[in-house]
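Please examine the sequence and the structure together before reading on. The paragraphs below proceed from the overall architecture to individual residues.

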Amino acid sequence: MKKVLTALLSLVFALPLLAEEYPIRAEQLPAKSQKIIAQCWPDATVEKAVVEKRASLVQFNVELSGGVKMQFSKSGSCTECICKKKTVPDVLVPSKIRSFMKRHFPERQIREIEHDSKLYTIILDNRWELTFDSVFRLIDFDKP
């Protein structure tokens, strides 16, 4: 039993070491990612692009001129967008969340959006954080 436990603990601690992260050129990003960048930020240039591989996860982290940071899945879908000085483009925000924002926070701008298969989290220009479930119902609201 002790050997099994030791082997499991070794595996848990070794998995992060299997992570690879290395720079790539903008042309090496998935085509879908390149299209999103061109559509949302036509005047921006890719300042840094990194592919990160961990176990079964592959993602692309991109920094654009103008302080925009984006994260893309292996397929090229945008999973995160951080805009320090700009508004997250509407094309990256699901229509139901945009409608919610127009109704409840028309004066606010979305500065960050992040999502996975179950949740969407947005951060507004006043640092309020709103979390929506997979059917776009507001499930959490945090003020800083």
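How many helices and how many strands does the protein have? In this predicted model, there are 3 helices and 9 strands. Read from the N terminus, their order is α-β-α-β-β-β-β-α-β-β-β-β. Of the 144 residues of the protein, 35% count as buried. The protein exposes about 9,500 Å², and carbon and sulfur atoms supply 56% of that area. The contact pattern can be described by separation along the chain: among contacts between residues at least 6 apart in sequence, 35% join residues at least 24 apart.

The interior comes next. In soluble globular proteins, nonpolar side chains tend to be buried together. Here the largest nonpolar core has 32 residues, and Met70, Cys81, Met101 and Ile122 have the most contacts inside it. Strand E3, which spans residues 57-64, gives the most to this core, with 4 residues.

With a relative accessibility of 0%, Cys81 counts as buried. When neighbours within four places in sequence are left aside, Cys81 is in contact with Trp41, Val68, Lys69, Met70, Val88, Leu92, Arg111, Glu112 and Ile113. One of these partners, Met70, is also among the residues with the most contacts inside the largest core.

The cysteines raise a further point. A disulfide would require the two sulfur atoms to be within 2.5 Å. Cys81 is likewise in no disulfide, its nearest cysteine sulfur being that of Cys83, 3.6 Å away. By this rule the count comes to 0 disulfides. Cys78 itself is buried, at 12% relative accessibility.

Thr79 lies in strand E5, which covers residues 78-83. Is Thr79 buried or exposed? Its relative accessible area is 18%, and Thr79 is therefore buried, since the limit for that class is under 20%. Apart from neighbours within four places in sequence, Thr79 is in contact with Gln71, Phe72, Ser73, Ile113, Glu114 and His115. Ile113 is a contact of Thr79 and also a contact of Cys81.

The loops provide another setting. Thr45 is found in the loop between helix H2 (31-40) and strand E2 (46-54). Thr45 counts as partly exposed, at 46% relative accessibility. Beyond its neighbours within four places in sequence, Thr45 is in contact with Glu63, Leu64 and Ser65. The C-alpha atoms of Thr45 and Gly66 are separated by 8.7 Å, although these residues are 21 apart along the chain.

Most residues other than glycine have a negative phi, and most peptide bonds are trans. Ala55 is not a glycine, yet has a positive phi of about 45°. Ala55 is situated in the loop between E2 and E3, and at 78% relative accessibility this residue counts as exposed. Phe136, also not a glycine, has a positive phi of about 65°. The loop that holds Phe136 runs between strand E8 (129-132) and strand E9 (138-142). Phe136 is partly exposed, with a relative accessible area of 24%.

Methods. Residues are numbered from 1 along each chain as its sequence is written. This is a predicted model: local features need pLDDT of at least 70, side-chain atom pairs count only at pLDDT 80 or more; totals for chains, interfaces and linings use all residues. Side-chain values use heavy atoms; hydrogens and water are left out. A nonpolar core is a set of buried Ala, Val, Leu, Ile, Met, Phe, Trp, Tyr and Cys residues joined through side-chain atoms within 4.5 Å. Buried means under 20% relative accessible area, exposed over 50%, partly exposed in between (1.4 Å probe, protein chains only). Helices (H or I, at least four residues) and strands (E, at least two) are DSSP runs, numbered from the N terminus. Contact means heavy atoms within 4.5 Å. Accessible areas come from the Shrake-Rupley method with a 1.4 Å probe; for residues, only the protein chains shown count as cover.
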